[in-house]
Amino acid sequence: MELALSPEQEMLRDTANGYLAKQAPSWARICDMGWLDPDLELLDEVVLFEATGAALLPEPLFSTRLILPLLNGTRLLDDTKRVALAWAEEGRPTTFTGTFAATLAGDRVSGRKVLVADGDQVDAFIVVTDNGLAVVDASEAQITPRETIDLSRKFSDVEFDSAKATPLETPAGALEALQSRAFVLAAAEALGVGNQALQLGIEHAKVRRQFGKLIGTYQAVSHALVDAHIDLELGRSLTYWAAQTGAEQNAAAAAKAHTTAAAVRACEVAIQVSGGNGMTWENPLHRLYKRAQWLNSYIAGEDRLYDTIAGSLLP
């Protein structure tokens with residue numbers, strides 16, 4: 001299987017990295033740049049989210065692009081709307097599938113969803129209910145911002161009280177496929193987060209002196225940075241492979257499990273190399289670390305994912 005990027009994907013990567021290094025684009029600018037183009041393939045999205053992950057993009061691009069396959073061809077929302085999936089409920093499993101307390105009766109949705117990523121930034125929600133999916137305008141919901149460790153991505157609890165909704169017809173297995181897609185996109189963002197943290201650690205090791213020598217010359221420092229790089233490169237291979245398979249279930253789970261954990265470890269190495277300076281408010285390392293931790297726990301942690309993979313392979 002060919003895992004190298006095409007010239008067009010390399011151009012997308014370089015353009016996104018170059019732009020995000022200078023500024024955080026507005027939503028209108030994101031639309032103008034074609035980052036919501038429904039024709040982008042999954043590997044294109046991986047390239048894009050690696051760039052936005054490194055920049056900790058505050059706009060709800062991750063949430064919106066995630067659910068685009070559900071909306072393609074429906075014309076329920078125009079192409080510039082910001083959308084988030086509302087699925088998690090208090091006291092229930094955090095996966096996309098299972099039973100849900102939120103109800104869909106005719107064209108009305110009732111129920112409460114928790115920790116909705118970008119919930120206070122979007123124009124509409126795709127709500128997972130006991131009777132399928134429904135599109136609900138944000139004006140129909142009661143949105144309560146919620147504080148988490150990741151201040152660069154906002155979360156909200158969202159309540160629907162007989163909110164006017166449009167049922168969304170989807171094929172069988174649509175949520176399972178969407179979950180695998182979410183695993184791949186999370187792995188892609190984690191690649192960007194982890195590599196950005198690693199580069200900050202490397203740059204610090206190049207200039208910081210201790211006992212008259214650059215700390216990068218000490219094996220305890222250089223070996224830790226190299227190990228983090230190897231860890232992330234394995235994550236890159238797994239993520240590109242999962243994208244090439246079209247987010248096949250086990251491939252997507254493996255990419256998410258390894259890559260998000262590798263990003264956490266890369267952040268920890270970078271913080272350790274910085275002598276703790278990375279946890280100061282002015283240093284971006286603590287923000288990258290918090291995003292990596294969220295990505296690692298998003299939907300399912302690595303232990304649960306490895307259990308799922310093992311269960312599908314072993315008799």
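Which residues lie nearest the centre of the second largest pocket? In this predicted model, they are Leu68, Leu71, Asn72, Leu77 and Asp79, which belong to a lining of 14 residues. The volume of the second largest pocket is about 270 Å³. Its lining is made up of six nonpolar, four polar and four charged residues.

The overall form of the chain is described next. Its secondary structure consists of ten helices and nine strands. The C-alpha trace extends over about 75 × 45 × 40 Å along its principal axes. The radius of gyration is 20 Å, and a compact globule of 315 residues would have a value near 20 Å, so the two agree.

The largest pocket has a volume of about 420 Å³. It is lined by 21 residues, and those closest to its centre are Trp87, Leu115, Phe155, Trp294 and Tyr298. Helix α4 (61-66), strand β3 (108-117) and helix α9 (285-297) each contribute at least two residues to this lining. By class, 13 of the lining residues are nonpolar, five are polar and three are charged.

Leu115, one of the residues closest to the centre of the largest pocket, is part of strand β3. Its relative accessibility is 38%; Leu115 therefore counts as partly exposed, the class between the 20% and 50% limits. The backbone of Leu115 has a phi near 50°, a positive value in a residue that is not glycine. Most residues other than glycine have a negative phi. Ala247 also has a positive phi, of about 65°, although it is not a glycine. Ala247 is located in the loop that runs between α7 (219-244) and α8 (249-273). With 10% relative accessibility, Ala247 falls under the 20% limit and so counts as buried.

How many cavities of 30 Å³ or more does a search of the whole structure find? The search finds one, and the volume of this largest cavity is about 30 Å³. The residues around it are Phe49, Thr52, Leu57, Glu59, Leu61, Phe62, Arg153, Glu189 and Arg291. Two elements, α3 (42-55) and α4, each give two or more residues to the lining of the largest cavity. This lining divides into four nonpolar residues, one polar residue and four charged residues. Helix α4 also supplies at least two residues to the lining of the largest pocket.

Thr259 is placed in helix α8. Why does Thr259 count as buried? Its relative accessibility is 0%, and buried means under 20%, so Thr259 belongs to that class. Apart from its neighbours within four places in sequence, Thr259 is in contact with Ala187, Ala190, Leu191, Gly235 and Thr239.

Met11 lies in helix α1, which covers residues 7-20. The relative accessibility of Met11 is 56%, over the 50% limit, and Met11 is therefore counted as exposed. Between the C-alpha atoms of Met11 and Val47 the distance is 9.9 Å, while 36 residues separate them in sequence.

Thr97 is found in the loop between β1 (83-86) and β2 (103-105). Is Thr97 buried, partly exposed or exposed? At 30% relative accessibility, Thr97 counts as partly exposed, because this class lies between the limits of 20% and 50%. When residues up to four places away in sequence are not counted, Thr97 touches Leu175, Glu176 and Gln179. Thr97 and Phe49 are 48 residues apart in sequence, and their C-alpha atoms are 24 Å apart in space. Phe49 is also one of the residues that line the largest cavity.

Notes:
Residues numbered from 1 in each chain as written. Predicted model: local features only at pLDDT ≥ 70, side-chain atom pairs only at ≥ 80, totals over all residues. Heavy atoms only, no water. 1 Å grid on protein atoms, 1.4 Å probe; cavity = no way out; pocket = protein on both sides within 12 Å on 5 of 7 lines; lining within 4 Å. Points joined across faces, edges and corners; volume = space filled by probe spheres on them. Helix = DSSP H or I, 4+ residues; strand = E, 2+ residues; numbered from the N terminus. Nonpolar A, V, L, I, M, F, W, Y, C, P; charged D, E, K, R; others polar. Rg over C-alpha atoms; globule rule 2.2 N^0.38 Å. Buried < 20%, exposed > 50% of the residue type's maximum accessible area, 1.4 Å probe, protein only. Contact = heavy atoms within 4.5 Å.
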